[in-house]
Amino acid sequence: MTEGRRVVPTDAPPTEPARLVRDFTPELIDVGTHHLCPGCGEPVAMRAAVEAIEELGVVQRTIGVFGIGCYTAFSNNLDVEVLQALHGRAPSLATGVKRAKPDAFVFTVQGDGDMVNEGLQEVIHTAARGENVTCLMLNNGVFGETGGHMTATTVIGQRTKNSLEGRNAADHGHPILLANLLAQLDGAAYVARGAVNTAHNVAITKQMVTAAFTAQLAGSGFSFVEILTMCPTGWFVDTAEAPEYLGDNLAAVHRIGVLKDLSRE
Amino acid sequence: MSTRLLEGSEAIAEAMITAGCRFFAGYPMTPFTEVLEHMARRLPQVGGVCMNAESELEAIGMAWGAAATGTPAATGSTGQGLSLMQESLAEITLARVPLVVLNMARAQGDYFQATRGGGHGDYRHIVLAPMDMQEAVELTQLAFHLAAEWRNPVLVFGDYYLAHTMGSVDLRRAEFGPLPPVDWALDGSSGGSGRAKIVSPLGTHKRSDGAGYNLADHYRTCAEATARMAAQVKPLAETGFLEGAEVVAVAFGTPGKYVRAAVRALRDDGLPVGYVRPITLFPFPSAAVAEACAGVKAVAVYENNQGQMIEDVRLAVLGRAPVHFIGGLSLDSSGFGIAPDLDVRVIRQRLERVLDGAKP
């Protein structure tokens, strides 16, 4: 996947600075400007989540539990209540919140490094318990915050700062397809994988997030949406090429779709 | 009076429920296991929740989440399990979330872990060390009060003897006065107000304040809160036989009771020995220890470890008397903290040797 694609250096500021193209800030995001990189997919995913919260009418009973990653920029930026967790630990905090306040609407936001590397057992057990919370995993296949290092979801061939020639199975093992893993667990009511690389995918991802939240509101058990997000900085690709790179590489392995929906079975 | 014959673990569980604890999470480990068993049985009966967590990492995380909603919450383990929890314990303190943590320790090797903290950063926990079941019932209730008062974790430092000994115990409710309002806790209801609450170890400001996270400011605020807590929480200690004492023995927890008995036996024989037993290990009762040791010829510290609290005793005594270590790690083959040396005759002999050495 590195062939034919220019490696964009990330050790110097971009020649063209970030500029606001259009402001899509939803009501529940206090301050629209963020300090994430141009082309980052995480604000798009966050927008889908907070729009769904607003549309479902649960703003005044929502508690969001945040992991640690670039998206933590949104943990002090929302007009819903937030509990900030440690890296990897959001599902157990969400469990404590939900068990103590069963009427609260509880969701987590974590990245692939947070959820699949640091705290994998947390989400697996939370799903297996059928904990009535929703976990969102923003999967860009790298530790974005540290500058583009390999995670447990990095796909074979993907360049990272600690797999410069691309991830290879012999040295680095295989990526974990988390949504597929969680879909096998009896406690999971809804499991889906979306992406924010195209307008179409943004739209279906918003539907997935809404369906996951609806499953929680119905008391159906654990719900999960993995959202593939662009990280041009961590991928060392041009910002404008990042959506295509996501589609050609990440989404080719972490395949988009609804993997489990008990409400339709 | 509600005196009952109970195992220490059950007495502590009952004391937690009396103190208002409605959420507990834990993972089995000797000698903590029975506390978890009792909480799993009792909490649902009073409308509470007990979680059998998949590890100590999740146990502390679940307790953190519940505590952030203002629900009186606790977790615990032995020192080994608490080692796993340290990262969260450090961050919970920086998030200013009240939590009670039990260490049903194996012997007393966790003194440094308890009083210095095994986690990262600049934080302190209040540490209470009961010597027996009755005191544990009172201090466990005090732990919930102090946690809520200071929005800080409070550790109750017990051991195998405390957890597994049966005895007659009075479970009466202890009153400690009013608490500040729980206006910081999360329930979701402030969403959409423009000032939705946040509970975070990274800070309490939001970007809509014009501030956002500022770790330098937040850590400074936390340090000031810790300093106030350290200065204002009343250090507790028990003293006895200090009049005319030439040697003062210092011990905490279960060994404190054995040391007290040894001192009493020596006094019965006319030997000038007294004792001081720290009950709060943080804040350490330095003034009480210094006063007890004023003018004595020697201080003798008994701990079931290689010598940890002795550092705090030396800081309290400040060189005004020699401080000798008469303890040492004593375990049977199980490693659970059953101590062959925890014997009044053994302690008495060691104190006599210090007395002999203290003679001019």
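**Figure 1. The open five-stranded sheet of chain B.** In this predicted model, five strands of chain B form an open sheet with mixed pairing, in the order β10-β12-β11-β14-β15. The edge strands, each of which pairs on one side only, are β10 (237-240) and β15 (323-325) of chain B, and the twist from one strand to the next averages 20°. Helix α9 (residues 254-268) of chain B packs on the sheet, where it touches β10, β11 (247-250) and β12 of chain B, and its direction makes about 165° with that of β12(B). The pairing of β10(B) with strand β12 (residues 273-278) of chain B is antiparallel and extends over four bridges, with A237(B) standing opposite P278(B) in β12(B).

**Figure 2. Two residues of chain B with positive phi.** F241(B), which is not a glycine, has a positive phi of about 60° and lies in the loop between β10 and β11 of chain B. L318(B), likewise not a glycine, has a positive phi of about 50°, and its place is in the loop between α11 (309-317) and β15 of chain B. Most residues other than glycine have a negative phi.

**Figure 3. Cis peptide bonds in two loops of chain B.** The peptide bond from T30(B) to P31(B) is cis, with omega near 0°, and P31(B) is found in the loop between β2 (23-26) and α2 (33-42) of chain B. A cis peptide bond also joins F282(B) and P283(B), where omega is about -5°; P283(B) is placed in the loop between β13 (280-282) and α10 (286-292) of chain B.

**Figure 4. Contact between the two domains of chain B.** The domain assignment divides chain B into domain 1 (3-170) and domain 2 (237-358), and the centres of these domains, taken over C-alpha atoms, are separated by 26 Å. Across the boundary, 24 residues of domain 1 of chain B are in contact with 23 residues of domain 2 of chain B. On the side of domain 1 that touches domain 2, at least two residues each are supplied by α5 (111-116), β6 (126-128), β7 (153-159) and α7 (160-164) of chain B, and α5(B) gives the most, with four residues. By residue class, this side of domain 1 of chain B divides into 15 nonpolar, five polar and four charged residues.

**Figure 5. The largest nonpolar core and the surroundings of L128(B).** The largest nonpolar core holds 204 residues, of which V97(A), F224(A), A63(B), L99(B), L128(B), V248(B) and A249(B) touch the most other members. Helix α6 (residues 133-150) of chain B provides the largest share of this core, 11 residues. Domain 1 (3-170) and domain 2 (237-358) of chain B both give residues to the core, so it lies between them. Leaving aside neighbours within four places in sequence, L128(B) is in contact with L139(B), L142(B), A143(B), V154(B), V156(B), F157(B), I279(B) and T280(B).

**Figure 6. The side of chain A that touches chain B.** Between the chains, 33 residues of chain A are in contact with 38 residues of chain B. The elements giving two or more residues to this side of chain A are β1 (62-66), β2 (81-84), α2 (90-100) and α4 (120-128) of chain A; among them, α2(A) gives the most, with eight residues. The residues on this side of chain A divide into 14 nonpolar, 11 polar and eight charged. Helix α2(A) is mostly covered, with 11 of its 11 residues buried, including L93(A), V97(A), K98(A) and R99(A).

**Figure 7. Strand pairing from chain A to chain B.** Strand β2(A) is joined by four bridges to β1(A), to which it runs parallel, and E81(A) in β2(A) is the bridge partner of I63(A). Two bridges join β2(A) to strand β9 (residues 198-199) of chain B, and these strands also run parallel.

Note on methods: Residues numbered from 1 in each chain as written. Chains lettered and ligands numbered in written order. Predicted model: local features only at pLDDT ≥ 70, side-chain atom pairs only at ≥ 80, totals over all residues. Contact = placed C-beta atoms within 7 Å. Nonpolar A, V, L, I, M, F, W, Y, C, P; charged D, E, K, R; others polar. Pairing = 2+ DSSP bridges. Domains from an automatic or database assignment. Buried ≥ 20, exposed ≤ 12 C-beta atoms within 10 Å, placed from the backbone. Axes fitted to C-alpha atoms, helices over the stretch in contact; angles between N-to-C directions. Core = buried A, V, L, I, M, F, W, Y, C linked by C-beta atoms within 7 Å.
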